[in-house]
Amino acid sequence: MATRKCLQLLKIPNRRLFHGNNALLKEGPSFPGAQTTWTEKLSFVTKSSYAPIPVYRVMDRKGSVIDPEGDPQLPRETLLKMYKDMRTLNILDKILYESQRQGRISFYMTNYGEEAIHIGSAAALDLEDVIYGQYREAGVLVWRGFTAQQFVDQCYGNRDDLGKGRQMPVHYGAKHLNFVTISSPLSTQMPQAVGAAYALKGKGRVVVCYYGDGAASEGDAHAAFNFGATLECPVILFCRNNGYAISTPVKDQYRGDGVAARGPAFGIHTLRVDGNDVFAVYNATKLAKKYCLEESKPVVVEAMAYRLGHHSTSDDSTAYRSQDEVDQWATTDNPATKMKIYLMKKGLWSEDEEKKFLKEKREEVMTAFTAGEKKPKPNWNECFKDVYKFMPEHIEKQMNDMKKHVDKYKKQYPVDQYET
Amino acid sequence: MAPIKATSLLNLAGKALHRRQFSVSKIASAKQMTVRDALNSALDEEMTRDERVFIIGEEVAQYDGAYKVTRGLWKKYGDKRVIDTPITEMGFTGIAVGAAMAGLRPVCEYMTFNFAMQAIDQIINSAGKTFYMSAGRVNVPIVFRGPNGAAAGVGAQHSQCYGAWYAHCPGLKVISPYNSEDCKGLLKAAIRDPDPVVFLENEILYGVQYPMSDQALSNDFVLPIGKAKIERPGKHITIVAHSRAVETSLQAANELSSKGIEAEVINLRSLRPLDINTITASVAKTNHLITVEQGWPSAGIGAEILARIMESEAFFHLDQPAIRLTGVDTPMPYTKSLEMAALPVPKDVVEMTKKLLKVK
Ligand SMILES: Cc1ncc(C[n+]2csc(CCOP(=O)(O)OP(=O)(O)O)c2C)c(N)n1
Ligand SMILES: [Mg+2]
């Protein structure tokens, strides 16, 4: 009885279900949840049922191109900018890291070991492409033209900081460079990037979302993958797999074949690349962007690397890894050194040019550093602004009360340290 | 002073359910509309007005929404504007926040605000703070909406008021509407607002009809966010409430009126910004104050109002201590009789008023 009612509801004559050649259910499994085949053999699908996803590379560890087809044959200017930007990033890191150690700024995070990831991917994109970063992507900003002064001003939270001194150091944001302000809670940028890509569909732009091997474990990461796939968004979900999330090594972070293996499981085209090989990263990002735009679909990229620095200035990585391990990576598979060798082999760079460039860059950053340190802090009234688009009365009142108070007790406050 | 525990008054509460239209006599001729339809028309009108507006949430499209608030909208606007999502609140909230950052105007529906707990980081840390943290460069025009507060018989994890939670957070605007006009005018305002707005609806009220003025029926009926409404003027005591507690208060005021006590009932409408001026002006007139809410007492909306009165000139106008009437300080019981006992009913308001005014 109940069955017949169901069938009536579905408007299917019951004959069709059980008899005849034109059966509704085909010979193979017809479950709506998967398109697949039957098997009569009961066995687990395991990690080793599939070969691990190989790591795409262009150069070997010594900076020699393995297959000439892989060399993107970039023009001299581009190659030199790529290399110089990598070294600029190193210099910024060194000076700002040291300044934190000296107590001049409160916090810093270095990018050592990820230079090729930042520069290789940034070089393959256009300025119009929107970047959602995690926090360790300063090289992307260097490539896009964020100046040494702007880095320093942000870390000092001074008058000229684009972020008005409201965020911790390294939480950069640059609307003019389409670089969305860094947000502290992990992975929140991932579904947001997919949402932004959704909004930008069909506009010839992609969104690139960087995240770490640790951030990939958050619920948001999985949501981003699934929504990217189901909403068909032009987004590159770019994992920087540097082996560690603070002290947590990847073996405690996941048990599958890294982050890349999750891509196909969500129905997403996926690439795994050598993050120490700037050309591999460049080629992968170029291909990913092309596919995203042509198909209006997402791509997962996993760039394999090694975090050479401490997680941040709040971390001492000697507590959980050996100096030997770090040194080995730094010397035998270093992304910047690899590119340097490539350039020198091509006759585009020399030790003399290197010395000269490093010296000039260091001076430039030091000048910016000294200037940034001297600049006053933003006007104190900035702390009342931007809570809402239009300042509500109660906040305005608080602001005016504070102004009266500060005017009255000027001598008690370090007013000269603030912009007026 | 400890908050007053609501008493179990099955009869009264039962009657109350059938007496929802008690206050409409004056405008009985006005068109009636359910809260659900008022919300639906607000969404419909704003989607027509601005093509950046879209709805995202679980089962909002073909299924018309868990409580049918989005009925017909998917048919009318299609997949692009009404988007069903996998079951990941944190994910679709983040997507909505990102889309808002990129210039769209998402309306993010939660099956209930209890499930928005999964997404609260996106709501507070991302939507609520990005404008500030980006130095005023990236605003997040977004509406988070869905049923809030106690429903009926759905147990502790589905029956709680998040008014105080969200009202606590700078960067958010929080609306807790009462009737159909509130819902229509304020949801439209929320969608047009440049900042993130948390819009707390009430499941029990969805099916209740309220009168709609001609003005409220028009396409450009928008109510101001941050302004309370005096639902009923009076001179003896001020009763401040939001959402369904407004109804409780109006019922109590009706009963008090028959005893010669004229209560002024203020419908807060917005919890943040809180319209304290309307309250203080009323207290200056009545010299007595009771707040009524269904949420918990601790750090609640009533607590906030009392604190602000204490800190202001209005304190000197009080003849008696101000009193909070709240839901009881426990997770919501599932059992019906206990559930009724856990929420303030008109009788509680009447008793407390008489006590404050020292009448028998
Ligand atoms: C939601 C959330 N949980 C925890 C943290 C603290 N936290 C900051 S960075 C980090 C590790 C992230 O590692 P990974 O994603 O691998 O990036 P990496 O630092 O290696 O670049 C953690 C746990 C956070 N910021 N947000
Ligand atoms: Mg990592």
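This is a predicted model: local features need pLDDT of at least 70, side-chain atom pairs count only at pLDDT 80 or more; totals for chains, interfaces and linings use all residues.
1. UniProt, in an unreviewed entry, lists residues 84-379 of chain A as "domain: Dehydrogenase E1 component". In the model, helix makes up 47% of residues 84-379 of chain A and strand 11%.

2. Residues 33-208 of chain B are 36% helix and 17% strand. Here the end C-alpha atoms lie 8 Å apart.

3. A helix pair in chain B. Helix α4 (residues 89-101) of chain B packs against helix α5 (residues 120-127) of chain B, with the axes 8 Å apart and an angle of about 25° between them. Angles under 35 degrees count as roughly parallel, so α4(B) and α5(B) are roughly parallel to each other.

4. Residues of that contact. From α4(B) come B:Met90, B:Thr93, B:Gly94 and B:Val97. They meet B:Asp121, B:Gln122, B:Ile123, B:Ser126 and B:Ala127 of α5(B). By class, the contact of α4(B) with α5(B) has four nonpolar residues, four polar and one charged.

5. The largest pocket. Its volume is about 1500 Å³. The lining consists of 49 residues, and those closest to the centre of the pocket are A:His394, B:Arg272, B:Pro273, B:Leu274 and B:Arg308. The classes in the lining of the largest pocket are 25 nonpolar, 14 charged and 10 polar.

6. Elements around the pocket. Which element gives the largest share of the lining of the largest pocket? That share, six residues, comes from α15(A). In chain A, α15 (393-408) supplies at least two residues of this lining. In chain B, α7 (163-167), β12 (270-272), α11 (276-286) and α12 (301-310) each supply at least two as well.

7. Cavities. How many cavities of 30 Å³ or more does the structure hold? There are nine of them. The largest cavity has about 110 Å³ of space. It is lined by 15 residues, and the closest to its centre are B:Ser159, B:Gln294, B:Trp296, B:Met332 and B:Leu343.

8. The lining of the largest cavity has eight nonpolar and seven polar residues, and no charged ones. For the largest pocket, by contrast, the lining has 14 charged residues.

Technical notes. Residues are numbered from 1 along each chain as its sequence is written. Chains are lettered from A and ligands numbered from 1 in the order in which they are written. Side-chain values use heavy atoms; hydrogens and water are left out. On a 1 Å grid over the protein atoms alone, a cavity is a set of points where a 1.4 Å probe fits but cannot get out, and a pocket is an open set with protein on both sides within 12 Å along at least five of seven lines; lining residues have an atom within 4 Å of a point. Grid points are joined across faces, edges and corners, and a volume is the space filled by probe spheres set on the points. Helices (H or I, at least four residues) and strands (E, at least two) are DSSP runs, numbered from the N terminus. Ala, Val, Leu, Ile, Met, Phe, Trp, Tyr, Cys and Pro count as nonpolar, Asp, Glu, Lys and Arg as charged, and the others, Gly among them, as polar. UniProt positions are given in the numbering used here, feature names are shortened, and annotations may be inferred rather than shown by experiment. Axes are lines fitted to C-alpha atoms, for helices over the stretch in contact, and angles run from 0 to 180 degrees between N-to-C directions. Angles under 35 degrees count as roughly parallel, over 145 as roughly antiparallel, 65 to 115 as roughly perpendicular and the rest as oblique. Contact means heavy atoms within 4.5 Å.
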